[in-house]
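This report goes through the sheets, the helices packed on them and a few individual residues. The sequence and the structure come first.

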Amino acid sequence: MKKRKFETEVIHSGYNAWEHQEALAPPLYQTSTFVFQSSEQGEARFSGEDPGYIYSRLGNPTVAFLEERIATLENGERALAFSSGMAAISATLIHLTRTGDHILCSSGVYGCTFGLLHMLEEKYHITHDFHAMQDETSVREAIQPHTSCIYIETPINPTMKLVDLEMVARIANEKQIPVVVDNTFCSPYLQRPLEFGCDYVIHSATKYIGGHGDVVAGLVVGKQKAMSELSRSTQKDIGGVLAPFNAWLLLRGLKTLPLRLDRHCENARKIASHLKQHPFVDTLFYPGDKDFPQYSLAKKQMQQPGGMIAFTIKGGKQEAQKFMNALKLIKIAVSLGDAETLIEHPATMTHALIPRNEQRKMGITDNLLRLSVGLESWEDIWRDLEKAFSIIQNQ
Ligand SMILES: *Cc1c(COP(=O)(O)O)cnc(C)c1O
């Protein structure tokens, strides 16, 4: 049978109305526990002989609809839902490492992931290195005998540097080291790391997958065996599982993922080209820009360049803050992937906990701003930015 298209799967996969009282929308099973018809049935559920539900930390039908849908969208075998992106990341990293192991990371990671890596090092002697991963030889050299996983963000927040997923996965597969990719910035509509040979895909579903700024959630997708192990170990016993209502919101958000992302990307393309020409902008970091150093890699592994843009403005922290304060339509907020255009200052916000010298190495300067381009009319977004530029220029 011919595979259904992505635009169809976001709406239909994982849920069958005929099995649920013909309800068009997936029902919300807002329940903590499930009743057994007999003690024997209870025993059979615990032994696994009867696959029915037991207790919502171990599984819930609404959450299961979402897990099946995201597994299909990422082209994986199974997915697990978590209470936040960080719950998904911490469960995965704790599952894949033990004392004495080493994690090889891309040159930048999300701020709280950075914090988690430091905690793992301090408490459990699990070390890590940040590596640019720009060529095969240096990736091979960076892998240590105790490297137990490779952890990648691409594009890297906030400077949008890319890592070649196919290249890293090829090396890692040879050495049987699992590759974990935080795919939050792309969503499965723009990039599917499992198709390049990576092993685990993680999402902060709080961002593009939810898409409406009203839910915090995380997802992990991978092979059946790996997901069963993850579910039995760190998901079940650490317990950062997704609430059924939040799964319900994500199922709703997912239906419009391709529509929203097409608009995010189109708006970002227009805003980026205007920013590039503006005399107050120094450097533009946007994978869709023809002068972006990894423009061809972006074309190879991303369906579209995404809705995130970073740029530096003339001046320093003071100018950056004045510029943000002069915006009216665009809101100052962290998070991303929402309908509203959001701006933030990585050096003092999302990446504030990273020491200054590390920030510099990651390209996070005081005049760098990160823009999550929303779904408004691009002309209104640009007008707001242009006005803020003119306000600080005239000061
Ligand atoms: C937001 C984010 C996270 C953390 O997700 P939460 O849902 O906030 O826990 C992880 N990685 C990236 C790239 C993010 O943007």
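Is β12 largely enclosed by the rest of the structure or largely open? The model discussed here is predicted. In it, five of the five residues of β12 are buried, so β12 is largely enclosed by the rest of the structure.

## Strand β12 and the five-stranded sheet

β12 belongs to an open sheet of five strands with mixed pairing, ordered β8-β9-β12-β11-β10. At the edges stand β8 (281–285) and β10 (331–332). Each has a single partner strand, so one side of each is left without a neighbour in the sheet.

## Pairing and packing around β12

Strands of a sheet pair through backbone hydrogen bonds, in either the parallel or the antiparallel sense. β9 and β12 are antiparallel and share five bridges, with T312 standing opposite L368 in β12. The pairing of β11 (residues 342–344) with β12 (residues 368–372) is also antiparallel, over three bridges. Here L342 has S372 of β12 as its bridge partner, and I343 has L371.

Helix α13 (residues 317–325) lies across β9 (308–313), β10, β11 and β12. Its direction runs at about 125 degrees to β9.

## The seven-stranded sheet

A further open sheet has seven strands in the order β1-β7-β6-β5-β4-β2-β3, and its pairing is mixed. The edge positions are held by β1 (78–82) and β3 (127–131). Both have a single partner strand, so one side of each is left without a neighbour in the sheet. From one strand to the next, the twist averages 20 degrees.

Within this sheet, β4 (residues 147–153) and β5 (residues 179–182) pair in the parallel sense over four bridges. Y151 has V180 in β5 as its bridge partner.

## Helices α4 and α5

Two helices that pack on the seven-stranded sheet are described here. Helix α4 (residues 85–96) touches β1, β2 (102–106), β4, β5, β6 (200–204) and β7 (218–222). The direction of α4 makes about 155 degrees with that of β6. Helix α5 (residues 111–124) packs against β2, β3 and β4, and its direction makes about 145 degrees with that of β3.

α4 has twelve residues and spans 17 Å from its first C-alpha to its last, close to the 16 Å expected at 1.5 Å a residue. Nine of its twelve residues are buried, so α4 is largely enclosed by the rest of the structure. The buried residues of α4 are G85, A87, A88, I89, S90, A91, T92, L93 and L96.

K207 is located in the loop between β6 and β7. An unreviewed UniProt entry lists K207 as "modified residue: N6-(pyridoxal phosphate)lysine". In the model K207 has a relative accessible area of 8%, and it counts as buried because the cut-off is under 20%. Neighbours within four places in sequence aside, K207 is in contact with Y110, T184, S335, L336 and G337.

T154 is in the loop between β4 and α7 (165–174). T154 is buried, at 1% relative accessibility. Its side chain reaches the backbone nitrogen of V163 at 3.0 Å. With residues up to four places away in sequence not counted, T154 touches K161, L162, V163, L165, D182, C186, Q191 and Q301.

E9 is part of helix α1 (residues 6–12) and is buried, with a relative accessible area of 10%. The side chains of E9 and R4 are joined by a polar contact of 3.0 Å. Beyond its neighbours within four places in sequence, E9 is in contact with R4, R69, T72 and L73.

Y29 sits in the loop between α1 and α2 (39–47). With a relative accessible area of 29%, Y29 is partly exposed. Y29 and P61 are 32 residues apart in sequence, and their C-alpha atoms are 6.6 Å apart in space. Setting aside neighbours within four places in sequence, Y29 is in contact with H20, N60, P61, T62, F65 and P244.

Technical notes: Residues numbered from 1 in each chain as written. Predicted model: local features only at pLDDT ≥ 70, side-chain atom pairs only at ≥ 80, totals over all residues. Heavy atoms only, no water. Pairing = 2+ DSSP bridges. Axes fitted to C-alpha atoms, helices over the stretch in contact; angles between N-to-C directions. Contact = heavy atoms within 4.5 Å. UniProt positions renumbered as here; feature names shortened; annotations may be inferred. Buried < 20%, exposed > 50% of the residue type's maximum accessible area, 1.4 Å probe, protein only. Polar contact = N/O pair within 3.5 Å; in protein donor to acceptor, adjacent residues only side chain to side chain. Expected span 1.5 Å × (residues − 1).
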